[in-house]
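Trainee: I would like to go through the labels on this model one by one. Please set each value against its cut-off.

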Amino acid sequence: MSYLEEVFNYLKRTSPAQTEFYQAAEEVLYSLQPLLDKYPKYRKHKIIERIVEPERQIMFRVNWVDDNGEIQVNKGYRIEFNSALGPYKGGLRFHPSVNAGVIKFLGFEQIFKNALTGLQIGGGKGGSDFNPKGRSDNEVMRFCQAFMSELFRHIGANTDVPAGDIGVGAREIGYMFGMYKKLANKYEGVLTGKSLKWGGSLARTEATGYGCVYFAKYMLAARGETLEGKKCIVSGSGNVAIYTIEKLYHLGALPITCSDSRGMIIDEQGIDLLLLKDLKEKQRASLSEYVKHKPMAKYIPVEEYPEGRNAVWSVPCFAAFPSATQNELNLEDAKALLENGCKCVSEGANMPSTAQAVDLFIETKIAYGPGKAANAGGVSTSQLEMAQNASMLSWTFEEVDAKLDQIMKNIFESASSTAAEFGQPTNLVLGANIAGFKKVADAMIEQGLV
């Protein structure tokens, strides 16, 4: 039995039924074999065994009262995974699918994503199985306040700085920040993604989507290609998808799809960005409403998707941007993308492609940007928000956007040069994993056995 297999057997025995976590750990750790062969110090210091175990796992009950006066009970989580490079940093996800395995997969990915940014932030993640969809503002407020009434004692501007994720936007961040401020009696940058009125950063809302497109830009530039004039497909219709579409337009591309949990839109004339923002950011409506305003577009409900498939990935394109959720793009989807001429996949979501799909992208040597590299723009700009809070300054949109563009360029160059160093120049999965791991592992060794 190999060294890495021993680690995985240990993981599966001590963290049972955490499928997503196993998937994330295997994707990272098996790609580290060339590094472990070259540098025995990482095995000597038991870095693998240490890095797969969170420094702290916090699980708690969240009691709150709905609009009917009924008591509701949810589970809350915060996984503080690794602080070798800085305070724990990573989002909070409110979604019915949230469980310990999902939060651990997200937190584990976050360690290496944050390391790749070159900024001083560690890795963590949190959330709850609470579903904000269909809830009134007052119900969301009461839940957020109840959630923060426990979480507040574990976080701080120099300890752990959560942000938003699926189900946690400006509204939820506002309610949680207000409760933290009351309970901790501190006005500090303990959450990122805040309103511009009280400590937020310009370009933070746009950052993950913009950064994902910047990463694609640099992947393609290295191959002598651009996005200009190219058809692109995007999944999702949340924050990441919306601002991926916006930045694609900025670079002269034509984004023609978006999706939500009920179905997808194909608009060959290009997604109407203002309409999409109105439907999703203001009305919180289904995408089925889109075709009422744009009758030339096509709406496909999930019931009509091919069995076991996501219909978004059947649309011919030059580049694809998975921006919805984990494992939304499987092997059959990947085959359909390649058969339809796709040359570039840049992941806006966390682990949106299954392991088999990733293997195919690597094998065919398309321009493939894994999530931990391609979607690092969000957490990068969160750290820029932290820097502005600490200095009590606000930077212009152009300043933040320029810094974001440079960070995404640096991440691409780091992943690309590391991949080349280990003999696989087109394999950015290998490059990103080794580059991120090496930075964290070296810091852990230098800081001693803690």
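Trainee: Why is Val161 called buried?

Mentor: Val161 has 0% relative accessibility. Buried means under 20% relative accessible area, exposed over 50%, and partly exposed in between, with a 1.4 Å probe and protein chains only. Val161 therefore counts as buried. Note that this is a predicted model: local features need pLDDT of at least 70, side-chain atom pairs count only at pLDDT 80 or more, and totals for chains, interfaces and linings use all residues. Residues are numbered from 1 along each chain as its sequence is written, and side-chain values use heavy atoms, leaving out hydrogens and water.

Trainee: Where is Val161 found, and what is it in contact with?

Mentor: Val161 is in strand S5, residues 160-164. Strands (E, at least two residues) and helices (H or I, at least four) are DSSP runs, numbered from the N terminus. Contact means heavy atoms within 4.5 Å. Leaving aside neighbours within four places in sequence, the contacts of Val161 include Arg78, Tyr88, Gly189, Leu191 and Met386.

Trainee: What makes Ala373 buried?

Mentor: Its relative accessible area is 1%. That value falls in the buried class, so Ala373 is buried. Ala373 sits in helix H15, residues 371-374. Beyond four places in sequence, Ala373 touches Leu116, Phe215, Met408, Ile411 and Ala432.

Trainee: Which residues does the record mark as a binding site?

Mentor: The unreviewed UniProt entry gives "binding site" for Thr208 and Asn239. UniProt positions are given in the numbering used here, feature names are shortened, and such annotations may be inferred rather than shown by experiment. The two residues are spread over 32 residues of sequence but cluster in space, with a largest C-alpha distance of 8.2 Å.

Trainee: Why is Thr208 placed in one accessibility class and Asn239 in another?

Mentor: Thr208 has 11% relative accessibility, so Thr208 counts as buried. Asn239 has a relative accessible area of 36%, so Asn239 is partly exposed. Thr208 lies in helix H9, residues 207-221. Asn239 lies in helix H10, residues 239-250. Leaving aside neighbours within four places in sequence, Thr208 is in contact with Val240, Gly348, Asn375, Gly377 and Gly378.

Trainee: What makes H9 and H17 oblique?

Mentor: Two packed helices are described by the angle between their axes and the distance between the axes. The axes of H9 and H17 (residues 397-421) cross at roughly 45° and come within 9 Å. Angles under 35 degrees count as roughly parallel, over 145 as roughly antiparallel, 65 to 115 as roughly perpendicular, and the rest as oblique. H9 and H17 are therefore oblique to each other. By class, their contact has eleven nonpolar, one polar and four charged residues. Ala, Val, Leu, Ile, Met, Phe, Trp, Tyr, Cys and Pro count as nonpolar, Asp, Glu, Lys and Arg as charged, and the others, Gly among them, as polar.

Trainee: Why are H13 and H14 called roughly parallel?

Mentor: The axes of H13 (residues 331-339) and H14 (residues 355-364) cross at roughly 30° and come within 7 Å. H13 and H14 are therefore roughly parallel to each other. Leu331, Ala334, Lys335, Leu337 and Leu338 in H13 meet Gln356, Ala357, Leu360, Phe361 and Thr364 in H14. By class, that contact has seven nonpolar, two polar and one charged residues.

Note on methods
Axes fitted to C-alpha atoms, helices over the stretch in contact; angles between N-to-C directions.
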